[in-house]
Amino acid sequence: MKMPNKQTTVKVAGVIAASFALVVSFQNCGKAGFDSSLDETGDYGSLDAALTSKYGSQTASKVSSVPFAFDGGFDQISYNSCAESNLATSNAYYAIRAGAYQSMGMKVQDSYYTYVESNFSPVYPATSVTKAQFAEYLGDSPANINVMPTMAVRDRANLTSVYSASGSLTLNTDVVPMADVLSSSYIMESLLSNRGQMVRYYPYSTNSRTLEANLKFNSDQSISQSLRDILQSAGQLTMTYLNSTTNVGSVVSSGSTNKASAYGRGYRMSFGQPLNIANGFSPLNVLHVLQEVDLNTGNVISASWNCNRRYKIYLARDAASCPAHTAAEIAVNATLRYELEVVRRHFRADQWDVNVTNGCMVPKATVPSCYVENTVNNVAQGVEYNSAASCYNPLIGSVSAAYPNQVIPTKRCANYATICLKN
């Protein structure tokens, strides 16, 4: 259901400083739609006057025409199906976490360098355009000033329409800023010092030093299922760009009236059961397929994603069946060390014990349980870790044709953490 919302204006300082501790809900698939101009960027008249005053009319015109300069994206996306009311405020749990760790990140596109070198002369005594010039023109250009990468779940047909955690669009909960303002000197220093390369770490940033974010949507199982349904059909995870003079839900675009188009990338997901088998009990809570899309062109990006890293979430009392790897095991096994490195990007060692070989993980004592268990005669019946066996699915409940003759399984269906890597 599309929920009307008041327009929200956010300044860059507010983006950096804002911190919201909000217990999210996702009732009736609430979607907060912002239908403003896709590339609303403020008062260009006064900006052009400032550029003319600084550069003169001829050079100011060239600065005004500088193209959008940035490109970026994720190389690891994880989905966690754990969803209970006690998990919403725990930083060990999320619905989706995404980041750049190996091949992706953020960069200044080659088209920007080409434009500047074709339209501006070096400042004497330099014989070529300097890094300072690249930074100055980028920071002054209307297309690039004050943009910041953000993560959100957006409608495929209208990128200004955001799926909200509460039905009221909220910064840092539904639209999550990452890194920092890209035209700032401390981010440009990292980007322009690595021409043509994706940059994943921004040591001079006054905000986040990485391109990483997470979304919750995990206060109960029905909300979790609603998110999966949305991501399989009308919605997509996105990395788009927020401008300081636009409302929270808007995106920076090339100026097209096509609301399905904007600068950035979309990540479309398909979910299924753990083993791709016909099991009428288990929810479709494993991320199977992830497809990456260029939001500006609508084209599918050819690079493939591997979502075969699937970890069953165990109860703490069943930890003996999912023992953590010993230091001796890790020391002699390079493959194991790499897999643990991948897992630990999104599942911290102080919060989770992980067994790569068995494909499972256990929350540590300080972390809430992933499950509210079905109880019979005041005895908690546990979790069914055999994905082919019947199990109690709280989405089905106690009365359903899925349970023959009303013989309801007592053990809960297992939850999973799926990790997808870009190849």
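Author: The questions below take a helix pair, then a sheet. The model is predicted.

Reader: Which residues make the contact between α5 and α6?

Author: From α5, Lys131, Phe134, Ala135, Leu138 and Gly139. From α6, Met188, Glu189 and Leu192. They divide into 5 nonpolar, 1 polar and 2 charged. Gly counts as polar here.

Reader: What makes β15 and β16 a pair?

Author: Two strands pair if there are at least two bridges between them. Strands β15 (residues 352–355) and β16 (residues 360–363) have 4, and run antiparallel. Val354 stands opposite Met361 in β16. The hairpin has 4 residues between the strands, and Gly359 takes a positive phi near 65°.

Reader: How many bridges join β14 and β16, and in which sense do they pair?

Author: There are 2 bridges, in the parallel sense. At least two are needed, so β14 and β16 count as paired. Lys312 of β14 (residues 305–313) stands opposite Cys360 in β16.

Reader: Why do β10 and β15 count as edges?

Author: The open sheet has 7 strands in the order β10-β5-β4-β21-β14-β16-β15, with mixed pairing. β10 (212–215) and β15 each have a single partner strand, so one side of each is left without a neighbour in the sheet. The twist averages 20° from one strand to the next.

How values were computed: Residues numbered from 1 in each chain as written. Predicted model: local features only at pLDDT ≥ 70, side-chain atom pairs only at ≥ 80, totals over all residues. Heavy atoms only, no water. Contact = heavy atoms within 4.5 Å. Axes fitted to C-alpha atoms, helices over the stretch in contact; angles between N-to-C directions.
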